[in-house]
Amino acid sequence: MTEKRSEASSPRSYQGYHRPVSGVEDPELTHVERGTPCGEYMRRYWQPVAMESEVGDLPVLVRILAEDLVLFRDGSGRYGLLHRHCSHRGASLEYGIVADRGLICCYHGWQYDVDGTLIRAGSEPLDSPICKNVVQGAYPVEAVDGIVFAYMGPPEERPPLPRFDTQNMADTESEAFSITTPCNWLQVYENTQDPIHVLHLHARSSGVQFGAASGVDQVIEYRDTPLGMINIQTRHVGDHVWTRTTDSILPNCNQTGAIFEEAEKPKFFRRVSILRWMVPVDSVTTRTIGWRYFNADLDPKGLEDRSQVGKEMIDFIGQTGDERSYEESQRQPGDYEAQVSQRSIAVHQLEHLASSDTGVARLRRLVRNQIRSVADGQPAQQPQWTQGDAIATYCQDTVWPWRAGKLDEEAERDVMRELGRVVANTVVETANQRHSERVAALKSVCESAGT
Ligand code: FES
Ligand SMILES: [Fe+2]
């Protein structure tokens with residue numbers, strides 16, 4: 001009895017009744033409908049809307065940024081992305097007939113071109129003025145290497161479709177994929193600037209889910225880049241030291257290094273295993289669409305499986321909701337379980353951010369600043385084409401022999417921190433250089449560094 005009384009009298013014990021169970025979410029960062037600050041910001045950038053493999057001879061219903069749309073490829077091979085409801089009397093164009101030119105609504109035969117112009121209004125006279133007066137909502141579409149992108153913002157602000165320096169690398173093959181996550185886009189996106197979760201979720205909580213080296217504790221720092229930010233993770237793994245930089249490319253694009261990296265041999269500026277966009281379907285659903293990259297250097301243990309990459313599939317654990325039983329997902333939770341269980345829209349007001357959330361806080365700040373800038377009428381900050389035909393990016397892995405000998409823990413972390421900074425600075429400073437020059441620069445700074 002005495003013990004129970006003392007627990008009850010402690011101000012921190014059994015406070016359920018007094019703790020909040022709900023709070024205000026952060027709509028400025030999370031709501032994506034047209035006319036919302038974040039929705040308008042997102043609409044200033046090309047967004048992936050589907051994989052090309054999804055578009056056959058029938059129109060495809062897609063939902064992006066809380067808009068219901070119909071994607072199709074007409075008989076001339078052109079993609080179109082139209083508002084779902086026909087401008088005549090609202091029938092859904094998902095039941096439309098794909099024509100040589102555009103799409104014909106099933107109900108009364110109104111025919112729309114891929115740009116939304118009304119070519120023919122069913123049984124109305126060919127010279128009917130209605131064809132000049134009615135326009136179906138349409139968005140420009142471009143397809144690249146298996147992914148269909150659309151631009152849903154004001155036409156006069158349309159930027160060129162980005163092309164990053166990691167696309168079409170000479171020694172690398174790509175496979176498009178998409179994964180749906182039933183929660184807000186930001187919690188999927190900010191997971192990539194939360195590197196400490198790799199140690200906890202993917203190693204300690206669930207056993208090693210990716211490369212064993214990723215379960216080694218790391219020194220983490222962050223810095224801005226011309227595209228957004230990177231985190232800098234440096235680990236001492238066996239005889240080597242490994243620095244990974246992970247890109248957040250605003251507003252919602254991420255690149256990640258080798259999923260199964262083991263840091264067992266030197267490598268310099270090894271590029272990415274994933275380039276992906278966390279696309280808001282609406283404010284409570286996210287569809288991650290991107291490319292998974294393959295080459296032998298990214299996969300030293302032969303653990304990748306290209307046959308498991310595609311629609312609602314990726315070849316590493318814990319990314320989808322239906323791959324395992326509930327019990328399995330409780331015993332070995334992955335990113336999917338962690339992110340979805342943060343609520344449909346994570347309630348920032350109920351969080352208690354700590355020092356290890358520096359990256360999450362920084363990313364939110366960057367996104368918020370851009371949202372406010374667009375809301376103030378400024379043009380959205382678009383990526384610069386630093387390499388002529390491509391936009392330089394900053395995600396990579398560099399592995400180098402550990403030469404600092406045996407040190408106490410604090411001194412060892414100092415060495416790792418310093419090497420991480422040197423690697424990250426070099427990665428950013430060589431943005432205008434060719435790939436081979438960036439590799440050589442990384443090699444050079446590792447050779448002259450203290451480790
Ligand atoms: S509703 Fe589409 S043509 Fe009538
Ligand atoms: Fe993760």
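This is a predicted model: local features need pLDDT of at least 70, side-chain atom pairs count only at pLDDT 80 or more; totals for chains, interfaces and linings use all residues.
**A friendly walk through the model**

1. How do the two domains meet? Eleven residues from domain 1 and twelve residues from domain 2 take part in the contact. On the side of domain 1 that touches domain 2, β1 (47-51) and β2 each supply at least two residues. The element that gives the most to this side of domain 1 is β1, with three residues. Sorted by class, the side of domain 1 that touches domain 2 holds six nonpolar, two polar and three charged residues.

2. Let us stay with β1 for a moment. Strand β1 belongs to an open sheet of three strands in the order β1-β11-β10, and the pairing is antiparallel. Both β1 and β10 are edge strands with a single partner strand each, so one side of each has no neighbour in the sheet. If you look along this sheet, neighbouring strands are turned by 30° against each other on average, direction ignored.

3. A143 stands opposite V148 in β11. The loop between β10 (141-144) and β11 (147-150) contains D145. What is the phi of D145? The value is positive, about 45°, although D145 is not a glycine. A colleague checking the backbone may like to find this residue in the viewer.

4. Which strands lie at its edges? Strand β4 (residues 79-83) pairs with β9 in the antiparallel sense over two bridges. To find the place by residue, look for L82, whose bridge partner in β9 is A138.

5. Strand β13 (residues 219-225) and strand β14 (residues 228-237) run antiparallel and are joined by seven bridges. How many residues lie between β13 and β14? The two strands form a hairpin with two residues between them. In this pair, T225 stands opposite G228 in β14.

6. The peptide bond from L250 to P251 is cis, and its omega is near 5°. Where is P251 found? This proline sits in the loop between β15 (240-249) and β16 (253-256).

7. The last stop is a pair of helices. Two packed helices are described by the angle between their axes and the distance between the axes. Helix α10 (residues 409-429) packs against helix α11 (residues 435-448) at an angle of about 155°, and their axes are 10 Å apart. Angles over 145 degrees count as roughly antiparallel, and α10 and α11 are therefore roughly antiparallel to each other. The crossing in which α10 passes α11 is right-handed.

8. Which residues make the contact between these helices? From α10 come V422, V423 and T426, while α11 brings A441, L442 and V445. By class, the residues of the contact of α10 with α11 are five nonpolar, one polar and no charged.

Key:
Residues are numbered from 1 along each chain as its sequence is written. Chains are lettered from A and ligands numbered from 1 in the order in which they are written. Two strands pair if DSSP finds at least two bridges between them. Helices (H or I, at least four residues) and strands (E, at least two) are DSSP runs, numbered from the N terminus. Two residues are in contact if their C-beta atoms, placed from the backbone, lie within 7 Å. Ala, Val, Leu, Ile, Met, Phe, Trp, Tyr, Cys and Pro count as nonpolar, Asp, Glu, Lys and Arg as charged, and the others, Gly among them, as polar. Axes are lines fitted to C-alpha atoms, for helices over the stretch in contact, and angles run from 0 to 180 degrees between N-to-C directions. Angles under 35 degrees count as roughly parallel, over 145 as roughly antiparallel, 65 to 115 as roughly perpendicular and the rest as oblique. A crossing is left-handed if the near helix is turned anticlockwise from the far one by less than a right angle, and right-handed if clockwise.
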